[in-house]
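Hello,

Here is the structure I said I would pass on. My notes on it follow below the sequence and the model.

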Amino acid sequence: MRWNKNFWVMLTGDVFLLVAAYVLSYLLRFEFSLSTIDLAILKKSIIPIVVCKLIFFYLFKLYRGMWRYTSILDLINIIKATLVSSLTIIAVILILFRFQGFPRSIFIIDAVLTLIFISGFRLIVRLCLSCR
């Protein structure tokens, strides 16, 4: 597979949006007032969580094709990738840490924000490319 400029633009946008979704999920959960413990957990977990989501996005073929033709099938793949990646993250945290220090609601909020941000990004890209 040959990765062109569009791939790197989408990947960079996704990384930014996944980080934003995870950080915002913490901020919303704790009403924009994070303790030092919660901030430490956030910092420690953000990279593995973003990498996990990106792997599932790749496996669900979210980085292939022309983004000006984003369709309902792409939205379904975004939903599947978000759901499977979030469930995998939850399972790993449950097995490794038994949710010690991890609020469960973070992962629900993060999944919803991820779905909104990533699908919204794809829609905006499609609209901008189709206006040319």
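**Notes on the model**

Threonine 82 is a residue of helix α3, which covers residues 72-97. This is a predicted model, so a word on confidence belongs here before the details.

**Confidence**

The mean pLDDT of the protein is 90, and 93% of the residues reach 70 or more. Where pLDDT is low, the predicted coordinates should not be read in detail.

**Residues in α3**

Back to threonine 82: its relative accessibility is 4%, under the 20% cut-off, and therefore it counts as buried. Leaving aside residues up to four places away in sequence, threonine 82 touches Phe57, Ala111, Thr114 and Leu115. Two of these names, Phe57 and Thr114, come up again in the contact of α2 with α4.

Leucine 75 is also placed in helix α3. Its relative accessible area is 33%, so leucine 75 is partly exposed, between the limits of 20% and 50%. Lysine 53 is 22 residues from leucine 75 along the chain, and the C-alpha atoms of the two are separated by 15 Å.

**Helix pairs**

Two packed helices are described by the angle between their axes and the distance between the axes. Both pairs below involve α4.

- α2 with α4: the axes of α2 (residues 36-59) and α4 (residues 104-130) come within 13 Å and cross at roughly 50°. The two helices are therefore oblique to each other. The crossing of α2 past α4 is right-handed. On the α2 side the contact is made by Ile49, Lys53 and Phe57; on the α4 side, by Phe107, Asp110, Thr114 and Ile118. By class, the residues of this contact are four nonpolar, one polar and two charged.
- α1 with α4: the axes of α1 (residues 5-29) and α4 come within 8 Å, with a crossing angle of roughly 145°. α1 also passes α4 in a right-handed crossing. The contact of α1 with α4 has 18 nonpolar residues, along with four polar and four charged ones.

**The loop between α3 and α4**

Which residues does phenylalanine 102 touch, not counting those up to four places away in sequence? They are Tyr26, Ile41, Ser45, Ile93, Phe97 and Phe107. Phenylalanine 102 itself sits in the loop between α3 and α4. With a relative accessible area of 10%, under the 20% cut-off, phenylalanine 102 is therefore buried. Asparagine 6 lies 96 residues away from phenylalanine 102 along the chain, and their C-alpha atoms are separated by 35 Å.

Arginine 98 is found in this loop between α3 and α4 as well. Its relative accessibility is 64%, which is over 50%, so arginine 98 counts as exposed.

**Backbone: positive phi**

Most residues other than glycine have a negative phi. Two residues to check on this point are given here.

- Arginine 98 is not a glycine, and its phi is positive, near 50°.
- Lysine 61 is not a glycine either, and has a positive phi of about 60°. Lysine 61 is located in the loop between α2 and α3. At 49% relative accessibility, lysine 61 falls under the 50% limit and so counts as partly exposed.

Regards

Technical notes
Residues are numbered from 1 along each chain as its sequence is written. This is a predicted model: local features need pLDDT of at least 70, side-chain atom pairs count only at pLDDT 80 or more; totals for chains, interfaces and linings use all residues. Side-chain values use heavy atoms; hydrogens and water are left out. Axes are lines fitted to C-alpha atoms, for helices over the stretch in contact, and angles run from 0 to 180 degrees between N-to-C directions. Helices (H or I, at least four residues) and strands (E, at least two) are DSSP runs, numbered from the N terminus. Angles under 35 degrees count as roughly parallel, over 145 as roughly antiparallel, 65 to 115 as roughly perpendicular and the rest as oblique. A crossing is left-handed if the near helix is turned anticlockwise from the far one by less than a right angle, and right-handed if clockwise. Contact means heavy atoms within 4.5 Å. Ala, Val, Leu, Ile, Met, Phe, Trp, Tyr, Cys and Pro count as nonpolar, Asp, Glu, Lys and Arg as charged, and the others, Gly among them, as polar. Buried means under 20% relative accessible area, exposed over 50%, partly exposed in between (1.4 Å probe, protein chains only). pLDDT is the predictor's confidence in each residue, from 0 to 100.
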